[in-house]
Structures are given as C-alpha cells and as structure tokens.
Amino acid sequence: MAADIIRSYLQPYQPPDPRFDKSRRVSPRKPVQITGAINVPGAVNEINYKPVQVKDISLGGLGAEVPCSSHELSKALRAMKAFEILFALPGTQDLLGFECTVAYVQINGICRFGGRFVTPSRQSLNKLMELLAAPYLSMQPPPVSCRQKQHLSGYPTDS
C-alpha cells in the first residue's frame, strides 16, 4: 500500500521514457508555437499567471515550456498536480482555456511539462479540432474522371 502511494505521488513527475513509442498515443501531437499563460499555484487563493510556450498539442493534451529563471517557479511546477492554461489560436482572437493534470515535468534550464486535458469545454475542443484538422481540410480530393456514352447492364447513359 505504501508503495502504491509513493508511486502515485512520483509518477506524474517522472520524465517520459525515451523508449516510449509515440505511435501509441491516442491522439497524434501537432508541433506548434503558441504563446499562452499558465496559472502557477502560489499562496492560497492567489492567481499567478506566467508566460508559456505551447510546443505540441493534441486532442488529449499538450506539451509546453516556461523559462525556469527562479528556483520558486521550478519548485512550483514540480509540486503541481493540475494547472490551467490559456492561449489564443494562431491567426484568431479565439481564447482557449484548458484544465490539465500534470503528465510530466522536466527541468534543464527550461522547464518542459506535459498536461492531459480534463473535460475540456465543447467550444475549446471544437476550436482545437479546427486547428488540428486545418491541414486536412485544405487538401483537395483528386479529380474523378467520368466516362461518357457507356452501356451498363444494357442501359445506355445519356451523358
């Protein structure tokens, strides 16, 4: 029982396994460069937003970075169990907000962390789906050639 408690406490802060097969993700990650803000816990009932760079995103979560210039910030990031992140989609005024649970925290001069979305709003999820689907929506299907004056099952076509 004690081992399970310790494992549940340490698991969110372990760096991702480099042997992890990214093809096993439920949703593929899209590399992005989006500036946003993260609510870093401070004193009780204190709202403390810090600038953040979202580096990759999917329907299930995101990866982001903040400069770790202070010991307090890196300590706060390691202590987080959940966080709120806000950002605007590129080229729009649409502000999205997500509640996330911490997936991992890596600190090497820059603090990189991952978050899993916790019941995102329908509006935020729809806007995120538009961002992720944009490359596919702009693709045109190949032209289909139609044959004219063909006979199918003995019936002539008019075209």
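Author: Arg 78 is partly exposed, with a relative accessible area of 40%. Partly exposed lies between buried, under 20% relative accessible area, and exposed, over 50% (1.4 Å probe, protein chains only). The model is predicted: local features need pLDDT of at least 70, side-chain atom pairs count only at pLDDT 80 or more, and totals for chains, interfaces and linings use all residues. Residues are numbered from 1 along each chain as its sequence is written, and side-chain values use heavy atoms, with hydrogens and water left out.

Arg 78 sits in helix α2, residues 71-79. Helices (H or I, at least four residues) and strands (E, at least two) are DSSP runs, numbered from the N terminus. From Arg 78 to Ile 107 the C-alpha distance is 8.8 Å, while 29 residues separate them in sequence.

Gly 63 belongs to strand β3, residues 61-67. Gly 63 is buried, because its relative accessible area is 0%. Its contacts, leaving out residues up to four places away in sequence, include Arg 29, Gln 53, Val 54 and Asp 56. Arg 112, Phe 113 and Gly 114 are also among them. Contact means heavy atoms within 4.5 Å. Between Gly 63 and Pro 31, 32 residues apart along the chain, the C-alpha separation is 9.2 Å.

Now helix α3. This helix spans residues 122-137, and Ser 124 lies in it. Ser 124 is buried, at 6% relative accessible area. Setting aside neighbours within four places in sequence, Ser 124 contacts Leu 96, Gly 97 and Phe 98. Thr 119 is in the loop between β6 (110-117) and α3. Thr 119 is exposed, with a relative accessible area of 72%. Its phi is near 35 degrees, a positive value in a residue other than glycine.

Helix α3 also gives the most to the lining of the second largest pocket, with 3 residues. A pocket is an open set of points on a 1 Å grid over the protein atoms alone, where a 1.4 Å probe fits, with protein on both sides within 12 Å along at least five of seven lines; lining residues have an atom within 4 Å of a point. The second largest pocket holds about 160 Å³ of space. That volume is the space filled by probe spheres set on the points, which are joined across faces, edges and corners. Its lining includes Ser 27, Arg 29, Leu 59, Leu 132 and Tyr 136.
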